[in-house]
Each structure stands twice: as structure tokens, then as C-alpha cells.
Amino acid sequence: MKIRAIALNTFKEAIRDRILYLLLFFAALSIILSRALALLTVGDRVKIIKDVGLASLSLFGALMAILIGTSLVYKEIDKKTIFTLLSKPVHRLEFLLGKFFGLVFTLLVMLSLMSLIFLALIFFHTFKIEWKMLIAIFFIFLELVLITSVATLFSCFSTPILSSIFSLSFYLIGHLSWGLETLIRKIQSGIVKAFVQILYLFLPDLENFNFKTEVVHGLQVPTKIYLFSTLYGIVYTLFILTLAILVFRRRDFI
Amino acid sequence: MATALRIEDLHKSFKIGFIPKKKEILKGISFSIQEGEIFGYLGPNGAGKTTTLKCVLGLIFPERGKIEIFDQPHLSLQAKEQVGFLPENPYFYDYLTAWEFLGFYGQLFLLKKKEKEEKINYLLELVGLKKDANLQLRKFSRGMLQRVGLAQALINDPQLVLLDEPLGGLDPLGRKELRDVIVRLKGEGKTVFLCSHILQDIEMICDRVAIIVNGQIINQGTLQDLVQEKIFFTEVIISGLDEKELEGLGECSSVHGERILLKVFEEEALERVLSLVQAQKAKIHSLIPRTETLEDLFVEIVKEK
């Protein structure tokens, strides 16, 4: 109940942030311009629209999560609104979860809006609603939830600019770390292999949430892989949130 | 009578700077506030008033010491449910209206919808913001923010109200109204903890006072105990007399047209002044004995330190 109140308040704050609409505008622009790209290609034009559209959803969603997420907790501390809030019978855990869920809800609304534009554009080309796209979008959402938790974690102890850089690095590393997996397969066993394996275990692998190609080209994906990706997202998010709570729990608000 | 707030041997230091250097802010603070009294906590800037408050509210964690609110550990939810807090220079969610803002805090106390609405109406009336209920807080003046801040501090009908510089930024009328509200809270049986350096206000409404300087409590007790009743001197404003006639009776400090401000230090001299005034058919405009005030005591203590 208290978490819900804080989450709703966070949502109210987030949707009054202008930067959100700027990003939404560019996301819509990018989705619609994918049609121009499609005109320049030989072959299946709708595939290009789907490809570019899903990539836009993922990129702009991540930017929203990072830019809003890194400032939300920080703003409360900086503007001292947290003083009155935490003097009420509210646990710090409830505060942090409220902030997190408020942001997740904001992203859900934004992602739905973007998806609507995206699905409508496809509909104008194929005259049918491509429900399969929703699978890819669901995993994009899971990725956004994870990025939100990372942004919240950094926001607990760092300024928005630094937190944004950290979170953006997390996003980039997350999309490049699958290279390590290939590396593990290529090198002989030994200390180096063990080291790379440990590194891969802790570094995020956001490619786990990338089902764009599979969905666009209509490839079959075993349910096991969907399940693994979902579980990966949940466990990783919980891990980051726990870290955030540990940092936040004993913090002095001067 | 129950103890509303008990603080024992509170220590807190902060690490400051790039190469962290420890700075002790609170050096063993102890005091207790009885239920139903208005307790003034005063000290110069940087003495540790707000730090003490933040320790009580669980915003910062003391290194040593014990804090109890109505005999409950201060971090427990039961303790926090009894507390209302107005911070210094309140800044709130400026995108909310006064009504939404109070509603949000009401939700944190799990108030029912009807109860919440009645409460908000009552509080907006109490702090004089009824007509601004649907105005966004960003359009509020500083004084109005202070008022809405007081309203949020009272949303849960707290037994212990903590106010940090509540009278800062208010005009004289606003200060009077707020003082009335504080006295009214006392009338309702609530305990008020008032941090301030506006001494006049503390003097006017507080039952007991503690003075903190450099992280230590230097003096505490009832106002009567702390401030002596001794008369320092008497200020007399006279007209119709020549300055020369008053020579030797006191100190003429200023002359405005006909009016003379005279400081008389002895009782006998005062009587002579009065008989002189009668004999010469002169006029007395005012006669004020200056006793020791909290301000004198405060200045003396801070200077000593």
C-alpha cells in the first residue's frame, strides 16, 4: 500500500518530465522513418520496418530508463523531499521499491505507446496485427526493468551525470559481453579460461533478451530459452535491487 | 507524565573532504522532553540542532547513544507513527497541488479515504490555505510552503511534533498565526519540539529550553530557572525636560526632537527622575524595566564558548 503510494507519486513525477516526451518523439520518428529505409532496400520491406522498429524500441526505452531512473532517487535526496518522506512510518526498503516500481510502470506505459505506433505502422503494410512482435517487446521490457534497477542503484549514491554514464556503460557492456562466451569456447582450459568464465558470470549479458532476429525472420525458439531469459532477467534484477537496498539502508542523509 | 522523547549520550561525526577527516558534530547530547510541553532547542548555526533532529527521525545514524520516542526505539514504525516533522526550508514535490500533496502523505499513514479527506480539509483550514488547495506547490510562496509543511507534519495527528526553524521566512502576521497554532497543539495535549534561533519566539511560547553550542548542551531548564528576574536598568522616554537637568541620573542615549531616552541604573535615581518630571510638569512617554532575556543569556553563553 505504501509502496503503491510512492510508486504512483513517482509515476506522476516521471510523466511530467519533459525529457520523456522528447525521447518518445524521437522514438516515434525513428519507427516511422524505418519506412523510408525500407523503400531503399531490395527484398522484404516489412522486415526492415520490423527490424528498425524493434531496435528503436529497445534503444529509446533504455535511454528513458537511464535518463529518468538516474535522477529520481537523487532528486529526492538533493531537494530534501526525502527528509519528510522517511520521517513517516516508511521503511527505506519501501521507499526504494516504490521508486523502482513507479519507474517500471512509467516505462511500461511508454513502451506500450511506442509499440502501438510500431504495430500500427506494420498494420498499414501487411493489414494484419503481428502479435509475434509482442514476444520481442516483452523481452525488451525485461531488459528495461533490469536497466532501471541498475539506474536506481547508481542513483542511490551518485549524481545523475555519473549514474547515467555508469548505466550507459552497463547497457553497452551488456550488449557486447556475448563475445566473452565465444571466447570461452575458443580458449584452452586454464587460469585464463576460469578468469573469463567468472567475468562472464558477473557481467550482464543483455543479448539474452534479444529475440528481434528470431521474431522478424519467424525462426523457431525452444521454450527453454524463453524461460531461461525470463529467469535471467528476474534474478539479475533482484540481485541489483538487493545491492541498491544494502547501499541505501545505512546511508546518512545530510 | 510520560516522556515523549528521551535522548541519551548521542554522538555523531561526519567524514569530510577528499581525504576524509572526522568532524564531531554531536558530542554526547542528553535530554528528555515530557509529554505535553513545548520544548525549545536553540543554538547558533552549525551547533548541531538539525543533526540531532535527523538522528531522532532516523535520517542519519548516530555512532553512539540511545533515542526513545514514547519509550519505543526511535526507528520502530510505532514510534514514527507518533511523530510529525517540519523540516527547515521545506521543499516539496512542486508538481503536486496542496491537496494531492497532503493526500500522498495521508496514504503513507494508511488513512481511509473519508478520514483522509476530512483531515486534509481540517488542516488546510487550520493553516489558512483552504482556497489554495488546488494550486500546484510550485506556485506557492515561501510562507505558504511553510504552512503546507506544517499541515503535512500534522496529517497523522502526531503526539510529538518536531519543528525545525518553523518561523523562518514568515512575515510578522504569519509568525503570530504559527505561534498560535503551536500553542493550540499544546492545548490538545501534544508535545512540541521547536528548533530555532529566533529567541523571541522561543521565549514567548516554550516551557523548557536547552541550549546547544558546538555539539554539547550547555544549559537546560525552565525559562524561569535560566533567566533571572533581575532588572538591569530602566528605559525612560521623557519630553519637556532639558537634557542638562537629567545629568547624573542616568545615561542619555538618544534625543529625538523633544524626546529623551534615558537609561536609569539605580532605583533611587529612578525615583528622582519621576519627582523631577512631576515638579517640572514634564511628560513620561514610556517606562520599561529591562530584565535579563533569553537573548542576553544566549549571547553570553555563546561568547563564553
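**Exercise 1. Burial and overall form of chain A**

What share of the 254 residues of chain A count as buried? Describe the fold and extent of this chain as well.

*Solution.* The structure is a predicted model, in which local features need pLDDT of at least 70, side-chain atom pairs count only at pLDDT 80 or more, and totals for chains, interfaces and linings use all residues. Residues are numbered from 1 along each chain as its sequence is written, while chains are lettered from A and ligands numbered from 1 in the order in which they are written.

Step 1. A residue is buried if 20 or more other C-beta atoms lie within 10 Å of its own, exposed if 12 or fewer, and partly exposed in between, with C-beta atoms placed from the backbone. By this rule, 39% of the 254 residues of chain A count as buried.

Step 2. Helices (H or I, at least four residues) and strands (E, at least two) are DSSP runs, numbered from the N terminus. Chain A has 11 helices and 0 strands.

Step 3. The radius of gyration is taken over C-alpha atoms, and the globule rule is 2.2 Å times the number of residues to the power 0.38. For 254 residues the rule gives a value near 18 Å for a compact globule, and the 20 Å of chain A agrees. The C-alpha atoms of chain A fill a box of roughly 60 × 50 × 30 Å along the principal axes.

**Exercise 2. The contact between the chains**

How many residues of chain A are in contact with chain B? Sort them by type.

*Solution.* Step 1. Two residues are in contact if their C-beta atoms, placed from the backbone, lie within 7 Å. On this basis, 21 residues of chain A are in contact with 23 residues of chain B.

Step 2. On the chain A side, α1 (2-15) and α4 (81-87) each supply at least two residues.

Step 3. Ala, Val, Leu, Ile, Met, Phe, Trp, Tyr, Cys and Pro count as nonpolar, Asp, Glu, Lys and Arg as charged, and the others, Gly among them, as polar. The chain A side then divides into 8 nonpolar, 4 polar and 9 charged residues.

Step 4. For the complex, the predictor gives an ipTM of 0.80 and a pTM of 0.84.

**Exercise 3. Leu167(B)**

Is Leu167(B) buried or exposed? Locate this residue and list its contacts.

*Solution.* Step 1. Leu167(B) lies in the loop between β7 (160-164) and α6 (172-187) of chain B.

Step 2. Leu167(B) counts as buried because it has 20 C-beta neighbours inside 10 Å.

Step 3. Apart from neighbours within four places in sequence, Leu167(B) is in contact with Arg175(B), Leu178(B), Ser196(B), Ile198(B) and Asp201(B).

**Exercise 4. The domains of chain B**

What separates the centres of domain 1 and domain 2 of chain B, and which residues join the two domains?

*Solution.* Step 1. Domain bounds come from an automatic or database domain assignment. For chain B it gives domain 1 (3-226) and domain 2 (231-304).

Step 2. Taken over C-alpha atoms, the centres of these domains of chain B are separated by 40 Å.

Step 3. In chain B, 11 residues of domain 1 are in contact with 7 residues of domain 2. α7(B) gives the most to the domain 1 side, with 3 residues. That side divides into 9 nonpolar, 1 polar and 1 charged.
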